[in-house]
Every structure is written in structure tokens, then in C-alpha cells.
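Reader: Could you walk me through this one? I'd like to go region by region.

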Amino acid sequence: MSFAVAQPGFAQLSVLAHPLAADAVARMRDAGSDREAFALALEQLSCFLAAEATRGLAARTVEVTTPMETVGQRVLAQDVVVVPILRAGLALVEGFQRLVPGATVCHLGVARNEETLQPEAYLNRLVPLENQRVVVVDPMLATGGSASWAIHRCQEQGAREIQFCCALAAPEGVRRLERDHPEVPVIAAALDRELNSQGFILPGLGDAGDRYFGT
């Protein structure tokens, strides 16, 4: 069962279609939500994104003995690597670790230059990613520069099966990934209207990292 639906006009984009996910997005958008409420909503939303991103994972059947009898049970047979784009991407790791406790977490640090809107890297803690299912996560897909940069870094480490997950996406960012990485599916909780002249998503929710960490 899928939690997301494809979006007309976007070849790679699927948007979550679940009332609880929509409720979490509404609480995140609310300027009156304090840090605790915002963080809880984003962590809850991360579970929906994780469930959708891992829907196609390979599995194998093992024998499990219950208190009543032995039964065949499906379990994961494919490694998952979660790559948050620091710092805000850390907020989306929670859902993946809950659903896939054995997932590896790597870190990429990149900040957007507020004048040029271009990504500036400051950290790369990737491991070899051949034969791994890689999910790059960041709450916001705005211009798409940071996301495209992160996907490139994962490909340099051998990743061939990559997805990108976010809470909010702007059309400009989705189109950037469709241009740079047409093979990478994008899963978002909401598709917003546009970017403003400073590269912020409208209607958006403000700065996800500042609101999550209370800074």
C-alpha cells in the first residue's frame, strides 16, 4: 500500500496522501507552534516518509516460531542507508530509525549561501554505497541545489538506487532534481506554490532547522 500519489506535471514527484501526514504538515506550518510542537510534528511526518520510501525494499522469508506454531515471515533483505543533509535533515532520521533500526546513517553538511543561493559544503561522512538503498533526507526542497549536490556525492560513492525525501517541496526544486537526476524519485509531504526572491518556499513554514532546534 502506498501513502503517496504521483503529481501531474512532475515525472519524479510523489506527495503523501494521508490525513495524519497532512495534519503534521499543518502543525508545522503554524507560526504559533512552539519548538516542541514543531519537532514532534516533523518527527511524526518522518515515519510516513520512511514508510513510503521503504515500500519497495527487497525481503526474504524466514521461519518464525510463535507461541502456537511455526510460520513463514517476511523480513528485510536489503540494506538501507539514510543520508541527512545537515543540519535540518537530522530531524527526518527519527522515522527511518524507528521503522528500520538497522539502517546506516551517514552525514552530509551543506549550507546555502544566502546571497548566491548556491550550496557550500562543509562535511562529508559517506561510506562506500555500492548495492545500498540510499535515502537522502532534508525537510525542505527549495532551489534544489543542496539536494542535487548531496545526490552527486552519494553517486560518487557508488550509489545507484537513491531516493530523496522532504517535508515541503517547491516546484523549482523538483524541476532542478528532474533536470540533474532524472532517475531519482522525490517523495514530499506537500508541494508548495513557489519560491520567493530569497529562495524560501511559499507558503512554507519558515526555516525548518531554526524551528526544530529552537535557534
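Reader: Which elements do the buried residues of H5 pack against?
Author: A word on the basis first: this is a predicted model, in which local features need pLDDT of at least 70 and side-chain atom pairs count only at pLDDT 80 or more, while totals for chains, interfaces and linings use all residues. Residues are numbered from 1 along each chain as its sequence is written, and side-chain values use heavy atoms, with hydrogens and water left out. The buried residues of H5 pack against strands S2 (13-16), S10 (140-141), S11 (161-169), S12 (186-191) and S13 (194-195), and against helix H4 (145-156). Helices (H or I, at least four residues) and strands (E, at least two) are DSSP runs numbered from the N terminus, and contact means heavy atoms within 4.5 Å.

Reader: And which residues of H5 are buried?
Author: In H5 (residues 171-180) they are Pro171, Gly173, Val174, Leu177 and Glu178, where buried means under 20% relative accessible area, exposed over 50% and partly exposed in between (1.4 Å probe, protein chains only). They lie on the same side of H5 because they cover an arc of only 165 degrees around the axis, the arc being that of the directions from the helix axis to the C-beta atoms.

Reader: What about phenylalanine 10, what is it in contact with?
Author: Leaving aside neighbours within four places in sequence, phenylalanine 10 is in contact with Pro171, Val174, Arg175, Glu178 and Leu191. Phenylalanine 10 is found in the loop between S1 (4-6) and S2, and is buried, with a relative accessible area of 11%. The C-alpha atoms of phenylalanine 10 and proline 171 are separated by 8.7 Å, although these residues are 161 apart along the chain.

Reader: Parallel or antiparallel, how do S1 and S2 pair?
Author: The pairing of S1 and S2 is antiparallel, over 3 bridges, where two strands pair if DSSP finds at least two bridges between them. The two form a hairpin with 6 residues between them, and glycine 9 in the turn has a positive phi of about 90 degrees. S2 is also joined to S12 by 3 bridges, and these two run parallel, with valine 15 having alanine 188 in S12 as its bridge partner.

Reader: Switching topic, how many residues are in the largest nonpolar core?
Author: It has 40 residues, and those with the most contacts inside it are Leu16, Met28, Leu42, Leu45, Phe96 and Cys165. Such a core is a set of buried Ala, Val, Leu, Ile, Met, Phe, Trp, Tyr and Cys residues joined through side-chain atoms within 4.5 Å.

Reader: Which element gives the most to this core?
Author: That is H2, with 9 residues.
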